[in-house]
Amino acid sequence: MKPLGPIPAGYDTVDGELAIGGRTASELVAEAGGTPLFVYSRKHLDDRMAELRESLPHRLAIHYAVKANPWQPVLQHMAGLVDGFDIASGGELAMVAEAGIDPTLVSFAGPGKRDPELEAAIAAGVTLNCESENEARRALAIGNRFSATPRLAVRVNPDFELRGSGMKMGGGAKPFGLDAERVAPLAKEIIASGAEWRGLHIFTGSQALDAEAIAETQGNVLDLADRLTREIGAGPLPKLNMGGGLGIPYFAGDQALNLRLVGERLAERFSRLPDTLSDTQLCIELGRYLVGEAGVYLCTVIDRKVSHGETYIITDGGLHHQLAASGNFGTVVRRNYPVAIASRFAAEPAEEVNVVGCLCTPLDRLADKAFLPRADVNDLVAVFCAGAYGASASPAMFLGQGPARELLV
Ligand SMILES: *Cc1c(COP(=O)(O)O)cnc(C)c1O
């Protein structure tokens, strides 16, 4: 038997079934017209933001990293909650525009921005987090051509990383940002060109559950920003995007992040900021922490079979919507996400089963050797922690399956 990840708080049982936003899984599936279905809970989104506002210093703006879940209804709901948005492509720029989000609240990071993407961002007044000298110079040239003033920040590749981070994006050679010693010369060039100088972006990693590690990294980010601002020598820093990295528990043994401790440590650092940063706009950018636990993926049991003594529960879902839960999105050892039989949510576990998807590949697994209530054909399976990097981060076209349905309740 292999353990399942912890089911996030805030999900109830109604009539023996999993309920989301007070409605049973089978009602939600009927409303959506079938499975596979992602259900996102407004209450979870609201509650998570309320916790962040309560725990973190008020001075710290909270941005949403759109790549975690760019579905329009979710994006529009987040627009009423967060202070800004971080995008990573021209496609995401079009999505935030469609959601009616003020482009001056948007910053655009990501290596390999093409000229048409830079043009659209500059025309809209989006801040570009420049990932290289070449990119910054192309942005300046586009500004000249269109007589527009580009709003430019520089992304720094820090020489430290977020300890315990699930996906390392800082420390050593990286395709992201400029190595620290190259930042000041480029910042000076940007400022001298007459572009609007928007400061620094320092992202150090993702999916960290250790509050001490996050606090230590945030301290290092502030120290690095202070040092670079002094090197640039053009007065206080206008803006600092301090990165994010707040993680959620996906697997057995994962402990939820102590957000209060992160907030306390940050408040302490903010109480003694150097002159370079004392008036700086400070923000963090969060993806999975804002939306991950708000999403549940529902699929229907299509078949049950036994092979060499192991029972397989075969569903109409799979890795084409849930690449991360299948263990094929940046994980080394496959572990089980929180998975349940949604239509028998109150039932006691009764058998060890492998829950798989409908794709013709052994990679398509949703839960290995899981101890679950007995499930039969037409029962519903729920995969939790499905709000981030689910629908938009999975190969929906694989095997001609197509996208899942999505619902915001
Ligand atoms: C992906 C990404 C994020 C969001 O990461 P989460 O782990 O979902 O919080 C934030 N900032 C940058 C630069 C990213 O690439």
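## Contacts of Glu406

Contact here means heavy atoms within 4.5 Å. In this predicted model, Glu406 is in contact with Leu37, Phe38, Tyr40, Trp71 and Ala391, when its neighbours within four places in sequence are left aside. Glu406 belongs to strand β22, which covers residues 405-408.

Glu406 has a relative accessibility of 22% and therefore counts as partly exposed, the cut-off for buried being under 20%. Between the C-alpha atoms of Glu406 and Pro36 there are 8.7 Å in space, while 370 residues separate the two in sequence.

## The chain as a whole

The protein chain holds 10 helices and 22 strands. Its radius of gyration is 23 Å, close to the 22 Å that the globule rule gives for 409 residues, so the chain is as compact as a globular protein of that length. Along the principal axes, the C-alpha atoms fill a box of roughly 70 × 45 × 35 Å.

Of the 409 residues in the protein chain, 57% are buried. Among contacts in the chain with a separation of 6 or more, 73% are between residues 24 or more positions apart.

## Surface and charge

About 16,400 Å² of the protein chain is accessible surface, and carbon and sulfur atoms account for 52% of this area.

## Two domains

The protein chain is divided into two domains: domain 1 takes in 12-40 + 293-408, and domain 2 takes in 70-286. Where the domains meet, 11 residues of domain 1 are in contact with nine residues of domain 2.

## Pro36 and its peptide bond

Most residues other than glycine have a negative phi, and most peptide bonds are trans. The bond that joins Thr35 and Pro36 is a cis peptide bond, with omega at about -5°. Pro36 sits in the loop between α1 (25-32) and β4 (37-40).

## Two residues with positive phi

Asp15 is not a glycine, yet it has a positive phi of about 50°. Asp15 is placed in the loop between β1 (12-14) and β2 (17-20). With a relative accessibility of 72%, Asp15 counts as exposed, because the cut-off for exposed is over 50%.

Gln207, also not a glycine, has a positive phi of about 50°. The loop that holds Gln207 runs between β13 (205-206) and α8 (211-232). Gln207 has 14% relative accessibility and so counts as buried.

## Thr24

Thr24 is part of strand β3, residues 23-24. At 3% relative accessibility, Thr24 is counted as buried. Apart from neighbours within four places in sequence, the residues in contact with Thr24 are Val14, Glu17, Leu18 and Ala19.

Key: Residues numbered from 1 in each chain as written. Predicted model: local features only at pLDDT ≥ 70, side-chain atom pairs only at ≥ 80, totals over all residues. Heavy atoms only, no water. Helix = DSSP H or I, 4+ residues; strand = E, 2+ residues; numbered from the N terminus. Rg over C-alpha atoms; globule rule 2.2 N^0.38 Å. Buried < 20%, exposed > 50% of the residue type's maximum accessible area, 1.4 Å probe, protein only. Areas by Shrake-Rupley, 256 points an atom, 1.4 Å probe, with all protein chains shown as cover. Domains from an automatic or database assignment.
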